[in-house]
Amino acid sequence: MSVIDLRSDTVTHPTPAMREAMARAEVGDDQSGEDPTVNRLEELAASKVGKEAAMYVPSGIMGNLCALLTHCGRGDEVVMGDQSHIFWYESGGGSALGGLPYRTVRNNRYGGVDLDEIDAAIRPERSGFPPTGLVCLENTHNRCGGTVLDREQMRALSAVAHDRGVPVHLDGARIFNAAAYLNLPVPELTAPVDTVQFCLSKGLSAPVGSVLAGPAPFIHEARKARKMLGGAMRQAGVIAAAGIVALEQMVDRIPEDHRAARTLAQRLSELPGIEIDLETVQTNIVVFELADERFEPEQFLSALADNGLRISSFGARRLRLVARHGLQTEEYDQAVEIIEGVLNGVPAGAR
Ligand SMILES: Cc1ncc(COP(=O)(O)O)c(C=O)c1O
């Protein structure tokens, strides 16, 4: 049985053009700055997000962690949304490894945070208060269903932090999806923040890697954090070559994923037993609530898997599907049929 995998855009495979570029990549020792392909990727990536310099890292989590460790000194507090990826899924790395306490502010259903709440979370100077070292934003917002912060929100949120002398880091794992949704160049969204991390290995389909971008002196320091974390690589041009193809060839097709997610969400919203907030379906992610209480989420997921569909869970009764490169319209149609079949109690193999 073939399996339709809608768990994440991280399950995308390298395209034939990527594999070819990987095979042909010129390489050198990147720890000495001598890998021409990594250098080319870093330059290209910096220009795509409108920053002076960039550093290739093995994962989005390492990109975010290098940012936290470079912006902050031990004991500094990091302010972030209570639904943010850094808070939920990154092993508390900044706290564990950098001695950085986290302070959360409430995320609204679109992944934004209230300007006053950010302002209130930034500590005034006082003995006994941990100094606020950094504010983190996320765009698109994963746990809020791939929702987008627009240019004005990015500006206003960053301005609150900057007015208090605090820098801003953007977890822009899917910033190219946000820009595609708004039909804007990425730098329009990243200009207000000091640093940005984005992933090559999600909707852009590269097999490995993310990029941390920002001012050149910051990236120079961030290379020390990457080294300390064991993330400095050698002939990394072999994988960076796929990242270059991702940036050159895979950005323009992102709206296809957004259209597929929208259609998927609309069709699922018509099924009894499923609740979707359609206003949050803006990019490639669809989050829905399994309202049909005859099913426990685990049992529902395994019934879908028995029928050849894999999706993921956000805990409680919230489930997630992600549209991505490599799937055709028929496979999205089939996914809806499988979900409908399971809700109607159709046994596996009877479709
Ligand atoms: C918003 C966000 N930030 C960061 C990451 C981490 O990326 P990686 O899995 O490459 O470490 C993810 C991964 O899903 C993500 O969704």
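**Sheet and helix packing**

Tutor: Gladly! Four bridges join strand 5 (residues 132-138) to strand 6 (residues 168-171), and these two run parallel. Helices (H or I, at least four residues) and strands (E, at least two) are DSSP runs numbered from the N terminus, and two strands pair if DSSP finds at least two bridges between them. This is a predicted model, where local features need pLDDT of at least 70 and side-chain atom pairs count only at pLDDT 80 or more, while totals for chains, interfaces and linings use all residues. Residues are numbered from 1 along each chain as its sequence is written.

Student: Which residue in strand 6 is the bridge partner of V135?

Tutor: Strand 5 covers residues 132-138, and strand 6 covers residues 168-171. The bridge partner of V135 in strand 6 is V168.

Student: Which are the edge strands of the sheet?

Tutor: Seven strands form an open, mixed sheet in the order 2-8-7-6-5-3-4. An edge strand pairs on one side only, which here gives strand 2 (53-57) and strand 4 (102-105).

Student: How do helix 8 and helix 12 lie: roughly parallel or roughly perpendicular?

Tutor: The axes (lines fitted to C-alpha atoms over the stretch in contact, with angles from 0 to 180 degrees between N-to-C directions) of helix 8 (residues 175-182) and helix 12 (residues 254-269) come within 9 Å and cross at roughly 80°. Angles under 35 degrees count as roughly parallel, over 145 as roughly antiparallel, 65 to 115 as roughly perpendicular and the rest as oblique. Therefore helix 8 and helix 12 are roughly perpendicular.
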